[in-house]
Amino acid sequence: MKAFRCCCSNTLYFENSHCLQCGVQVGFDPTTSTMVPLTKDSPFQWCNNGLQHGVCNWVVPRSPAGSLCVACQFNHIIPNLSVEPGVPAWARFERAKRRALYSILQLDLPLVNRVADPVYGLAFDFLVPTPALPVTTGHQNGVITMNLEEASDSIRERNRELLREPYRTLLGHFRHELAHYYWYLWFEKPPVNFDLLNGFQKVFGDQRVDYASALQRYYTSGPPPGWQLTHVSAYATMHPWEDWAETWAHYLHITDALETAREFGMSAEPVASETAFDPATILLPPPLKEEDPSDFLDIIHRWSALSPALNEIASSLGQRNLYPFVHSTTTVTKLYFIHQIIQLAENRAQSLSTAPVPAAPPVAAGAPTPGSVPAPAPAVAPLPSEVAPDNRTKDLHTAQPQAIRKE
């Protein structure tokens with residue numbers, strides 16, 4: 001995350017909506033990745049979810065009124081805000097979602113919602129479980145479902161202990177489920193690049209292994225002995241899909257944390273140590289094998305220098321380790337595969353011209369893309385937002401039961 005400054009030179013943070021020094025209202029402009037002042041002369045205003053509910057600090061052009069920002073345009077079902085846990089829980093999830101999407105935007109990865117692409121577009125459902133209708137965090141066919149119960153620290157901690165997950169956060173949920181979405185977008189959307197798919201299978205395993213059986217086996221027997229040498233987490237051992245998702249999440253944890261450290265002046269220079277990885281051992285199958293891993297390994301070695309310091313700082317403050325994971329040559333190779341796939345997507349995005357944006361249905365609220373001045377055309381068509389009535393959940397995307405990939 002970048003370090004931001006107010007017009008008065010005071011430090012601003014990503015979630016700020018006001019400067020605590022001069023009092024001016026501020027918001028995040030995703031087009032320029034800056035915090036902008038929202039004065040009476042500003043061409044911007046907060047997203048409608050910020051104006052109405054106080055859950056978003058991203059900005060949109062001041063006209064037309066009632067616009068949703070580029071992050072909120074992906075919301076499909078929001079919780080019933082008149083009942084518990086209501087606005088506070090939704091706000092916590094929105095903060096995590098914006099931080100996750102910040103990384104996606106920085107990486108210039110494709111982001112299209114289900115108005116522009118009803119089959120492969122992205123959508124978020126924020127649901128509160130009831131005794132009759134349980135909710136499991138997961139992804140299916142572009143729809144990411146979030147269980148709002150986990151906004152509660154006590155519930156999330158209970159699940160962390162129950163599921164033996166040393167790192168369980170709202171941000172981690174979004175990064176993990178977004179990984180499933182990009183798998184769906186890159187490996188299931190026709191035309192499938194079978195060279196890349198074969199490469200994936202050689203690095204992560206065969207995704208055609210029955211998922212339900214793998215899930216049952218994992219929760220019955222746990223991870224295999226010695227899993228730390230081959231996987232970034234115990235849950236990653238469950239199925240190649242989960243290995244991909246957990247590795248993707250770790251890649252974003254690492255790159256975002258390193259950017260934050262650099263922006264705040266913390267040294268994260270690679271140092272000679274026993275954990276240094278030899279480029280000759282970080283080998284990928286075709287069609288990625290010809291790439292030089294040196295730049296990628298610079299990221300890993302900087303993280304190897306910084307993460308122990310972060311863990312010691314946390315321990316000094318009486319907190320658990322911030323990054324309780326150790327990497328091996330195998331896990332670094334998997335991270336390198338993620339790095340290369342993202343680089344391919346970035347290069348493809350930079351080479352393509354902007355595609356026309358489909359017109360939104362009449363019921364949708366229009367929202368131009370934020371920019372230095374109000375832009376005439378949105379980069380992402382707004383998604384019709386639904387509210388789950390009477391605190392019940394509903395699935396508007398498919399008549400089939402959801403096959404959840406994350407417990």
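This is a predicted model: local features need pLDDT of at least 70, side-chain atom pairs count only at pLDDT 80 or more; totals for chains, interfaces and linings use all residues.

Modeller: Residues are numbered from 1 along each chain as its sequence is written, and side-chain values use heavy atoms, with hydrogens and water left out.

F200 is buried, with a relative accessible area of 0% (buried means under 20% relative accessible area, exposed over 50%, partly exposed in between, with a 1.4 Å probe and protein chains only). Helix 5 covers residues 194-204, and its buried residues are L196, L197, G199, F200, Q201, V203 and F204; helices are DSSP runs of H or I with at least four residues, numbered from the N terminus. At the start of helix 5, the backbone nitrogen of D195 has a side-chain oxygen of N193 within 3.1 Å. Just after the helix, G205 adopts a positive phi of about 115°.

The whole structure holds 34 aromatic pairs, where rings of Phe, Tyr and Trp (its six-membered ring) pair if their centres lie within 6.5 Å, with planes under 30 degrees apart counted as stacked, over 60 as edge-to-face and the rest as tilted. W183 is buried as well, at 2% relative accessibility. The ring centres of W183 and F200 are 4.6 Å apart and their planes stand at 50°, so this pair is tilted. Because W183 lies in helix 4 (residues 170-188) and F200 in helix 5, the pair ties together parts that are 17 residues apart in sequence. Ring pairs also link both residues into a cluster with Y181, Y182, W186, F187, F204, W244, W248 and F337.

How values were computed:
Helices (H or I, at least four residues) and strands (E, at least two) are DSSP runs, numbered from the N terminus. A polar contact is a pair of N or O atoms within 3.5 Å; within protein, one must be able to donate a hydrogen and the other to accept it, and residues adjacent in sequence count only if both atoms are side-chain atoms.
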